[in-house]
Amino acid sequence: MISKNKPENFMPKFEVVSCFVEYKNEILLLLRQDHKPQPNTYGVPAGKIDPGENALQAIQREGKEETQIDLEGAIHFDKLFVRYPEYDFTYHIFHKKFDIQPTVIINPNEHKQYIRETPKQALDMDLIQDLDECIKVFYKIN
């Protein structure tokens, strides 16, 4: 379950950051490696916030680690609350729109490949859990 409002008895185990990296109305999607949780699904640059980091520092680090893209200037869109049967976590959504197509260099330990799709096209893909809801919220798709 994903919610804009903090659920009752919400006990986050960690915080996650993600970023919609956009160029010409398409977003960057990364295919997760076989050894990662939810393998062979598409996600966006994302990861856990490390101790001592804030959300912006974390998404900038994750962008570099996963794609070599500089996400300096990414805008914090929203904080959502995620409840899975096993644990709760806080999810920060960032957005970075590029005027010039950024070069993507995939970290092969993290992902197999990348593609760019419109948000609407992305909804028809095999996405990591709840990414479809985040796309709908950010891009106002019903």
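## Around Q33

Leaving aside residues up to four places away in sequence, Q33 touches P39, N40, P108, N109, E110, H111 and K112. This picture comes from a predicted model. Q33 itself sits in the loop between β3 (26-32) and β4 (42-43).

Is Q33 buried or exposed? Its relative accessibility is 16%, so Q33 counts as buried, because the cut-off for buried is under 20%.

## Aromatic rings

Now let's look at the rings. Across the whole structure, a search finds 11 aromatic pairs. One of them joins F20 and F138, a tilted pair with 5.3 Å centre to centre and 35° between the planes. F20 belongs to strand β2 (residues 12-23) and F138 to helix α3 (residues 131-139), so this pair ties together parts that are 118 residues apart in sequence. F20 is buried, with a relative accessible area of 1%, and F138 is buried at 14%.

F20 also pairs with Y139: the ring centres are 5.4 Å apart and the planes stand at 70°, so the pair is edge-to-face. Elsewhere, ring pairs link F14, Y84, Y87, F89 and Y91 into a cluster. The charged end of K48 sits over the ring of F14, 4.4 Å from its centre.

## T90 in strand β7

T90 is part of strand β7 (residues 88-98) and is buried, with a relative accessible area of 6%. Its contacts, not counting residues up to four places away in sequence, include F10, F14 and F81.

Definitions and conventions. Residues numbered from 1 in each chain as written. Predicted model: local features only at pLDDT ≥ 70, side-chain atom pairs only at ≥ 80, totals over all residues. Heavy atoms only, no water. Helix = DSSP H or I, 4+ residues; strand = E, 2+ residues; numbered from the N terminus. Buried < 20%, exposed > 50% of the residue type's maximum accessible area, 1.4 Å probe, protein only. Contact = heavy atoms within 4.5 Å. Phe/Tyr/Trp six-rings, centres within 6.5 Å; stacked < 30°, edge-to-face > 60°. Lys NZ or Arg CZ within 6 Å of the ring centre and 35° of its normal.
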